[in-house]
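This report describes how selected parts of a protein chain are held together and packed. Please keep the sequence and the structure in view while reading.

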Amino acid sequence: MLLLRCPPLPLLLLLPLSSRPQKLPTRDEELFQMQIRDKAFFHDSSVIPDGAEISSYLFRDTPKRYFFVVEEDNTPLAVTVTPCDAPLEWKLSVQELPEETSGEGSGEPEPLEQQKQQITNEEGTELFSYKGNDVEYFVSSSSPSGLYQLDLLSTEKDTHFKVYATTTPESDQPYPELPYDPRIDVTSLGRTTVTLAWKPSPTASLLKQPIQYCIVINKEHNFKSLCAVEAKLSSDDAFMMAPKPGLDFSPFDFAHFGFPSDNNSGKERGFLKSSSSKFGRQTSSKPRVDLHKVCMGNKNIFTVSDLKPDTQYYFDMFAVNTNTNMSTAYIGTFARTKEEAKQKTIELKDGRVTDVFIKRKGAKFLRFAPVSSHQKVTFSVHSCLDAVQIQVRRDGKLVLSQNVEGVRQFQLRGKAKAKYLIRLKGSKKGASMLKVLATTRPNKQSFPSLPEDTRIKAFDKLRTCSSVTVAWLGTQERNKFCIYKREVDDNYNEEQKKREQNQCLGPDTRKKSEKVLCKYFHSQNIQKAVTTETIRGLQPGKSYLLDVYVIGHGGHSVKYQSKLVKTRKFC
């Protein structure tokens with residue numbers, strides 16, 4: 001015989017305690033294949049089936065013993081024990097099979113208790129022992145017949161484990177074979193990405209068995225087995241879907257991994273830029289773990305992206321036989337992502353405007369350290385093009401986070417000897433230009449105040465062949481307004497106008513011939529803060545681009561939204 005090859009269930013359960021002598025059943029392959037598909041067949045049984053992996057559970061300091069029988073001498077034997085979430089102590093021993101009858105010619109069966117004592121009380125010969133959390137093997141090409149005992153103990157905590165035993169190790173081969181070099185190579189390392197490569201399992205390349213590779217990423221340690229990974233993960237965290245061809249998986253969009261989730265780059269190759277529900281059910285009631293696994297089919301190179309800069313990660317790779325669902329671990333590795341490129345910090349002077357240029361999707365850092373104590377600090381930001389994001393930290397604590405379009409002013413409570421770090425993040429659409437002012441003197445305002453609506457309105461009914469009439473809003477603050485005109489082609493469109501909407505370009509960049517007039521204007525009643533102006537001396541049927549600039553007390557100007565107008569052709 002081999003190991004017990006699954007006879008009918010009642011016989012298995014009574015194996016060590018049978019009340020009458022009997023010859024143990026031989027391996028019936030058809031019966032075995034039928035029974036092994038029934039996962040409950042060997043549940044809580046003390047019998048190890050031949051050629052099938054069993055999963056079980058150990059309570060701390062409570063030993064568990066399993067049996068199997070080898071009927072013939074010189075039988076090959078292989079036993080594999082896989083600890084999951086705690087180290088195990090295990091021992092394999094063998095003793096002679098009990099006699100089949102109790103006496104010469106008596107024909108009477110041995111009493112139950114006597115046979116039980118005969119099987120279980122003898123120590124037997126120890127063949128192998130191990131203590132630890134590695135996947136460990138006992139392999140023998142020629143084992144004696146006898147009753148084999150596998151004793152297991154966990155002294156650290158309650159734990160799961162797996163056991164596999166077979167008397168046909170050469171033909172079974174349920175575990176994928178590792179290549180001659182089972183290491184994982186780090187082929188590329190960046191600030192937020194790590195590219196891994198590994199050699200394929202011979203089980204796939206030579207034996208043509210279906211093998212898929214599963215990678216595990218975490219920030220704590222390497223894992224010895226996939227069983228250990230599954231024990232760490234919650235039961236709801238099933239295998240994640242393999243990425244689409246040509247698109248590597250990005251595990252670290254996972255919000256619980258502590259990575260940014262305020263953008264949509266997870267639609268690309270981000271490692272955590274999507275909610276966990278995209279890859280599995282949400283388990284809000286269970287604690288999140290900094291551990292993720294993903295299976296990517298039979299590819300042998302993989303890029304993990306959207307990692308944190310200057311952070312150490314551990315990577316484990318497992319070859320999984322999809323027919324048997326049994327796995328073998330490659331030698332894990334670890335890598336530390338590169339540090340963030342050190343940004344040059346711009347020093348802000350109290351009350352002085354600073355020009356800032358930011359590349360597309362880029363960022364700039366500014367520092368403001370008032371030389372004297374202050375009750376309040378004011379930050380004025382003028383975004384010349386698209387909206388930008390501003391974050392202000394006072395002594396490392398975030399005190400402001402806003403999107404800025406046009407001119408915005410922020411007033412923060414001061415603190416003695418405080419230092420302020422300002423982070424400006426550019427637009428995704430293109431480069432950004434800004435003017436930034438920081439001051440501890442609240443009355444010193446270099447930027448003019450603006451109304452909420454900075455559009456210029458043209459009155460169509462007042463349009464003539466040589467003039468147009470326009471209006472714009474003002475504020476309660478007395479400011480200087482200058483209006484300029486420029487003739488443009490008839491095919492001048494909104495797209496061209498948009499490209500010229502740099503609000504930071506002042507009147508000094510315009511030709512003198514384009515200037516119409518300048519005037520001061522304000523109104524204490526904000527509802528009446530409206531001014532009109534008629535622009536004369538225009539040509540019939542021509543298009544003109546009109547710009548209004550408001551100039552503050554510090555000399556800095558802000559341009560209103562440009563207005564395209566056209567005079568009448570016939571009057």
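Cys 84 and Cys 227 are joined by a disulfide (a pair of cysteine sulfur atoms within 2.5 Å), with their sulfur atoms 1.5 Å apart. The model is predicted: local features need pLDDT of at least 70, side-chain atom pairs count only at pLDDT 80 or more, and totals for chains, interfaces and linings use all residues. Residues are numbered from 1 along each chain as its sequence is written, and side-chain values use heavy atoms, leaving out hydrogens and water.

The torsion about the S-S bond of Cys 84 and Cys 227 is about 60°, so this disulfide is right-handed. The pair links distant parts of the chain, 143 residues apart: Cys 84 is in the loop between strand S3 (75-83) and strand S4 (88-95), while Cys 227 is in helix H6 (residues 226-232). Helices (H or I, at least four residues) and strands (E, at least two) are DSSP runs, numbered from the N terminus. Cys 84 is buried, with a relative accessible area of 9%, and Cys 227 is buried at 8%. Here buried means under 20% relative accessible area, exposed over 50%, and partly exposed in between (1.4 Å probe, protein chains only).

## Further disulfides

The structure holds four disulfides. Another of them joins Cys 214 to Cys 295, with the sulfur atoms 1.9 Å apart. Cys 214 lies in strand S11 (residues 211-218) and Cys 295 in strand S12 (residues 291-295), so the pair ties together parts that are 81 residues apart in sequence. Both Cys 214 and Cys 295 are buried.

A disulfide also joins Cys 482 to Cys 518, with an S to S distance of 2.0 Å. Cys 482 is in strand S26 (residues 479-488) and Cys 518 in strand S27 (residues 515-521), 36 residues apart. Cys 482 counts as buried at 3% relative accessibility, whereas Cys 518, at 27%, counts as partly exposed.

## The largest nonpolar core

A nonpolar core is a set of buried Ala, Val, Leu, Ile, Met, Phe, Trp, Tyr and Cys residues joined through side-chain atoms within 4.5 Å. The largest one has 22 residues, of which Phe 379, Ile 422 and Leu 424 touch the most other members. Several strands give two or more residues to this core, including S18 (354-358), S20 (376-394) and S22 (420-425). The largest share, six residues, comes from S20.

Apart from this core lies another, of 21 residues, among them Ile 48, Leu 77, Val 94 and Leu 152.
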